[in-house]
Amino acid sequence: MSAGDGTFTRGTAGAPVRPRFGYGTNGLTDLRLDDALGLLADLGYAGVGLTLDHMHLDPLAPDLAARTRRVARRLNGLGLTVTVETGARYVLDPRRKHGPSLLDPDPQRRADRVRLLVRAVQVAADLDAHAVHCFSGITPDGTDDATAWKRLSDALSPVLTAASGAGVPLAIEPEPGHLLATLADFHHLRQLLGDPEPLGLTLDIGHCQCLEPESPADCVRAAAPWLRHVQIEDMRRGVHEHLPFGDGEIDFPPVLRALAATGYQGLTVVELPRHSHAGPELASRSLDFLRHADRLAAAPAAPAAREAAPRGGTS
């Protein structure tokens, strides 16, 4: 995390810090941004995962700096903290989901994604965000692994330079189906780049359930030194589908207990990008669920508490 002076500190375990919950604007795309922020503040969220997109702080429209200042004032007025997310589906290419990526065969198209990420870093600095999220993209057909990893590491270099100058960590997310899909892949990238200070990790709890060999709670513990951003939702093993809490298989109190023990102080953001049609209702239900799970996580372990723990599934 940024130390506030352009330097970064590795996360370390210490006295438990209770998670600070946020909600992603990619799950509130039917609301104007002002209305979405007001809703989250009224519900009691600590912050927001702000996806830069055409309906919410469009990163490609004119007067970005002025619009960003207005959003900063709104966030400050509501007492919300923020992380900047860059997973908008069609913000750069109206015909290709998440295109172009950092792995695109065309260097000019890769450069378009790099420019977007550098712009996101500046927006994050102007919003006093705790991190900028990104991901690698899917390996294009006909591209071997060595070439894909080189494209990724080369493309991220100017973004990391910008992040270092702005004092904002870059938090790359392991995404199922992408080149960088697992925690092991994150460490491979980290080693390729020489372990730069601004490079951190976005850990999606559902993705851990989906494909990591360890449990989500064990993933949190393993990722602790590099945690810069956390996303959370329910999910089932082997199925990459973001689900409302209770519709999947995750046992959440152990996850939140592990997260608290890391000393992580950023946001833990609900990630339900395919549920905007029910965004306000799900935002309310999600916070109630997470608060209950966190109370159980903070309580001394007892058989009755374990039986009452909220988790996915209906067995």
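**Note on the predicted model**

1. Of the 315 residues in the chain, 56% count as buried (under 20% relative accessible area with a 1.4 Å probe, protein chains only; exposed is over 50%, and partly exposed lies in between). This is a predicted model, in which local features need pLDDT of at least 70, side-chain atom pairs count only at pLDDT 80 or more, and totals for chains, interfaces and linings use all residues. Residues are numbered from 1 along each chain as its sequence is written, and side-chain values use heavy atoms, with hydrogens and water left out.

2. The chain has 10 helices and 10 strands (DSSP runs numbered from the N terminus: H or I of at least four residues, and E of at least two). Its C-alpha atoms fill a box of roughly 60 × 40 × 40 Å along the principal axes.

3. Among contacts (heavy atoms within 4.5 Å) with a separation of 6 or more, 75% join residues 24 or more positions apart.

4. Most residues other than glycine have a negative phi, and most peptide bonds are trans. The bond from Gly99 to Pro100, however, is cis, with omega near -15°; Pro100 lies in the loop between β3 (81-85) and α3 (107-127).

5. Asp63, not a glycine, has a positive phi of about 60°. This residue is in the loop between β2 (47-51) and α2 (64-78) and is exposed, with a relative accessible area of 58%.

6. Asp195 also has a positive phi, near 55°. Asp195 is placed in the loop between α5 (183-192) and β6 (199-204) and is partly exposed, at 31% relative accessible area.
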